[in-house]
Amino acid sequence: MPRNPPPLPGRSTDGGWLPVFALAAITLLVQGCTLMSLGVLLPGMAADFGSVGGGITLFLLAMSLASLAAGWALERLGIRPLLLTGILFSASGFALAAMAQQRPALMAGMALSGLGVGASTIVPGIAVITRHHARRRGLALAVFLGAAVIAGAIVPPFVGAAMAHWDWRIAMLLCVGAILLACPPLVLLVPGQRTDAEGKPADRNPIRPALLNANFLRLLLALTLLQLAINGVLFAAVDRLMEQGFGQSSAVLAYSSANLLGLPALLTGGMLADRLGARRSLLATALLLALGTATLLGAGMRDGAGVWLFVLLWGVGSALPGQSGSMLLAELTEAEAFPRLLGLNTAVVSLLGALAPLWTDQMRAAGGGYALPISVYAALALAAAPLIASVRPSKADAG
């Protein structure tokens, strides 16, 4: 693989950085005010409705399914109409949930909002950046994906403060206002054309050739294994650290530090991916994630020094698969096929990755602790490495 992969056919290489920052700001606001704030809003919602886990599940499911449709919509509708539709859905769904007096209305609002988040953030953002930033795609993706990391750090505290001062319904409505006031003007800064190579929808369906393509299937399986490994640790790290003798505040600090490390990791990883190539970057990411996950088994050893090894290795490794994985997918597919295949890839990885919490509970019950699930997730990340190494990008193979 060349150190600097050539631009993809039909794709602009001089899109400028303003659209990247606009897409990042949209993602920060939409995901920060909805997905990232659900954990803060959950106690207030549960006080009025009892268990609301079903609503969160509907949100995540709708978000995953919207990712699948977003690739098709990018080709048929164009970028701006899709972004505006997603923004409207995410805001109106949250507004419906905020005003709901019955559980069905709350569930419907959560589902509608999830559809909007899926349609206005990750898939369209990656598709636009891949088209317009072929030369520095890795760094541009780092800026964009880093917005989700920042969203999780800065938006929930404001939502929590609004809940403390008023209540969860007012906090949700403030989130709706922030999305509707700030995001539509940002859409005007994003290129308005479709994402296919010729400026018109693709005449053929790229899904069937991809499903018969060994490179695409190996990459899809590898990314699914990595997402399972990441999600498994996300929902087990704090309890595992406490299991090894750390206090709750120390465990949460280590977990938060690992997540926040994702931002500099994305920036550094993007520059390295641009220089070394997406396949090498993703392969190194899988090995780093496997090692970082394994360190959680002995995080309490040597006066707790192991926990900071976990923070460093896992914090870096868990941030990078979406970045280098998307870059490698772009190298595997034709220009007109990329948006829909990106949507398919995102939907499958998200849906299967959502099984990790359930599997974690089952393995913890079977093993009497978190050592078994952590070992399994380290093994899954390691198993992704040979799959990635076997991927050989070739446009001829992409169908």
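**Aromatic pairs and a buried asparagine**

Phenylalanine 21 is partly exposed in this predicted model, its relative accessible area being 46%. Tryptophan 17 is likewise classed as partly exposed, with a relative accessible area of 30%. A search of the whole structure returns 3 aromatic pairs, among them the one formed by the rings of tryptophan 17 and phenylalanine 21.

**Ring geometry**

- The ring centres of tryptophan 17 and phenylalanine 21 lie 6.3 Å apart, and because their planes meet at 35°, the pair counts as tilted.
- For phenylalanine 49 and tryptophan 168, the ring centres are 6.2 Å apart and the planes stand at 70°, so this pair is edge-to-face, the cut-off for that class being over 60 degrees.

**Placement of the edge-to-face pair**

- Phenylalanine 49 belongs to helix α2 (residues 38-49), whereas tryptophan 168 belongs to helix α8 (residues 168-187), so that the pair links distant parts of the chain, 119 residues apart.
- Both phenylalanine 49 and tryptophan 168 are buried, while tryptophan 17 is partly exposed and phenylalanine 21 is partly exposed too.

**Asparagine 231**

- Asparagine 231 sits in helix α10, which spans residues 214-234.
- The relative accessibility of asparagine 231 is 13%, and this residue therefore counts as buried, given that the class covers values under 20%.
- Once neighbours within four places in sequence are set aside, the residues in contact with asparagine 231 are Gly353, Ala354 and Ala356.

Notes:
Residues are numbered from 1 along each chain as its sequence is written. This is a predicted model: local features need pLDDT of at least 70, side-chain atom pairs count only at pLDDT 80 or more; totals for chains, interfaces and linings use all residues. Side-chain values use heavy atoms; hydrogens and water are left out. Rings of Phe, Tyr and Trp (its six-membered ring) pair if their centres lie within 6.5 Å; planes under 30 degrees apart count as stacked, over 60 as edge-to-face and the rest as tilted. Buried means under 20% relative accessible area, exposed over 50%, partly exposed in between (1.4 Å probe, protein chains only). Helices (H or I, at least four residues) and strands (E, at least two) are DSSP runs, numbered from the N terminus. Contact means heavy atoms within 4.5 Å.
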